[in-house]
Structure formats: structure tokens, C-alpha cells
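This report covers the pockets, the ligand site and some backbone features of one model. The sequence and structure come first.

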Amino acid sequence: MKMDKYRFDGIFTDGREIYTTNLTPGKNVYGENLVKIENVEYRAWNPKRSKLGAMLLKGSSYFPFTQTSKVLYLGAASGTTSSHISDICIEGILYCIEFSPRSFRDLISVCEFRKNMLPILADASKPDEYSAIVGCVDVVYMDIAQREQSSIFIKNMKKYCKSGGLGIMAIKARSIDVSEKPENIFSKVKKELSGEFEVLELINLEPFEKDHASIVVRHP
Ligand SMILES: C[S@@+](CC[C@H](N)C(=O)[O-])C[C@H]1O[C@@H](n2cnc3c(N)ncnc32)[C@H](O)[C@@H]1O
């Protein structure tokens, strides 16, 4: 088996799947395959379990995570996607916000072995709650599946994202309005965000995630 570089630094491919290098060799996070080649261990990144993985495989032109990135991650759940970002931002930091105590317990066990991940039990709709811990970041990533997701994303971007920094939001159409066509909801979200930021990309995440899209914006 041979591993090649993917389209962005920190991501690899064997021609079928994408991978990150495992920051915690021997340990997986969500049952993903571990593959060792020439003394480097890679973790398969499952696009059906991670909207960021799906966005990459759907051909996104944006992947703002680098070795030194500071990232605010809203809706970290039990750490599936954030662990892959943690594999990449090895000299950076990920502030992982999650408000469900149950998911937070699982998140803590992932963060215990990943020193660049800081778990924070807080409500993303109240960004002032974590201002004592979180500073200015390079990237805001949000995946919270809530009705008010656009306004929550805007508040966090304005408070924490650096000028010129990127924000990525996973949009779950059915959380916003079950009766409206997903494409109409995606357009509505795009319009809301374009009033505040430069919208760079909107991608439908099917077939990996039904009725979901990802949107990438730049803070002025
Ligand atoms: C779809 S899951 C996230 C999956 C995760 N991003 C991943 O790919 O590994 C959504 C998560 O957002 C959390 N969430 C929803 N609303 C939130 C809020 N206002 N503040 C913090 N977390 C929230 C939920 O508890 C849930 O764990």
C-alpha cells in the first residue's frame, strides 16, 4: 500500500480513502482504520461520519487548517472531526465547544491524549461565556445542527475570527426548517452570511450527508 499527498497539506490518500497522520499512534477515536506505512501511522477519515471529510471529497477549494492554526470548533460532540483537525494542527490549538454533558465526557477522553485540543463545556449561542479561555483564532468551524445556526455562527465569527480568517459552517437543512426544500434553505443561509462576510463556497454534501451543505466564508 502506498500513501500519496492529497490536495491539501496534512491530508493523504491511498487512492480510495483520505487519511490524517495519527497524533496518538495505536489509538483510534471512532472505530476508524489505522494503517502503518514506513513507520508512520495514518487514520482513515470517514466522510460519512465527518462533514469536513465529506466537504473535502466533494472537491472543496478551501482547507484553512495548517500545523500552527488556532481553531474555534463549535459542536465538537465526541471529537470525531476535531480529532482529524488535531492531527493536522500539531503546533496549534483547537478550542472545542460542546454543550451536551454526555458528548462532553467522550470528548474529554479524546482530548486527554491530544494536547492541542481543549474541551470547553459551553453553549455556542453565548460566545461571551468562553471569552476568558478563547482568544482570536484563524478558523471558526461550526457543526451544531440548530435552527439558529446562522446567527450563532455570525456571533462567533465576529467575536473570535481574525480579520481575513475563514469560517466553515455545516448546514443541516432539516434542523432549520423541515418543510422547506434543502436547496432553498442553503440559499437563504448564503444570503444571511453574505450580509456579513465574503461567501467563498457553498457545497451540497450528498451523497455523504443527505440534506446537508457546507459553506465557507472569509471575515473582512
Ligand atoms: C452533528 S453533532 C457534531 C458532530 C461533530 N462536529 C463531528 O463531526 O465530530 C452536533 C453537536 O453540536 C452540539 N451542539 C448543538 N447546539 C450547541 C450549542 N448551542 N452549543 C454547543 N454545542 C452544541 C450537540 O450537542 C452535538 O454534539
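## Largest pocket

The largest pocket of this predicted model has a volume of about 390 Å³. Two elements give two or more residues each to the lining of this pocket: α2 (80–88) and β7 (93–98). The lining comprises 26 residues. Those that lie nearest the centre of the pocket are G75, A77, E98, D143 and I144.

By class, the lining of the largest pocket has 10 nonpolar, nine polar and seven charged residues. This pocket is also the space taken by the ligand.

## Ligand surroundings

Around the ligand there are 17 residues, and Y73, T81, E98, D123 and A124 come nearest. The shell around the ligand divides into seven nonpolar, six polar and four charged residues.

On the side-chain side, a polar atom of Y73 lies 2.7 Å from a ligand nitrogen, and a polar atom of D143 lies 2.9 Å from a ligand nitrogen. F99 contributes through its backbone, where a polar atom is 3.3 Å from a nitrogen atom of the ligand. The ligand taken alone exposes 600 Å², and the protein buries 85% of that area.

## Second largest pocket

The second largest pocket has a volume of about 250 Å³. Its lining consists of 16 residues, with D9, G10, I11, Q67 and I88 nearest the centre. Eight of the lining residues are nonpolar, five are polar and three are charged.

## Backbone features in loops

Which peptide bond is cis, with omega near 5°? It is the bond from E206 to P207. P207 is located in the loop between β11 (198–204) and β12 (212–218).

A further backbone feature concerns N39. Its phi is near 70°, a positive value in a residue other than glycine. N39 belongs to the loop that lies between β4 (34–37) and β5 (40–45).

Key:
Residues numbered from 1 in each chain as written. Predicted model: local features only at pLDDT ≥ 70, side-chain atom pairs only at ≥ 80, totals over all residues. Heavy atoms only, no water. Near = heavy atom within 4 Å. Polar contact = N/O pair within 3.5 Å; in protein donor to acceptor, adjacent residues only side chain to side chain. Areas by Shrake-Rupley, 256 points an atom, 1.4 Å probe, with all protein chains shown as cover. 1 Å grid on protein atoms, 1.4 Å probe; cavity = no way out; pocket = protein on both sides within 12 Å on 5 of 7 lines; lining within 4 Å. Sits in = over half its atoms within 2 Å of the grid points. Nonpolar A, V, L, I, M, F, W, Y, C, P; charged D, E, K, R; others polar. Points joined across faces, edges and corners; volume = space filled by probe spheres on them. Helix = DSSP H or I, 4+ residues; strand = E, 2+ residues; numbered from the N terminus.
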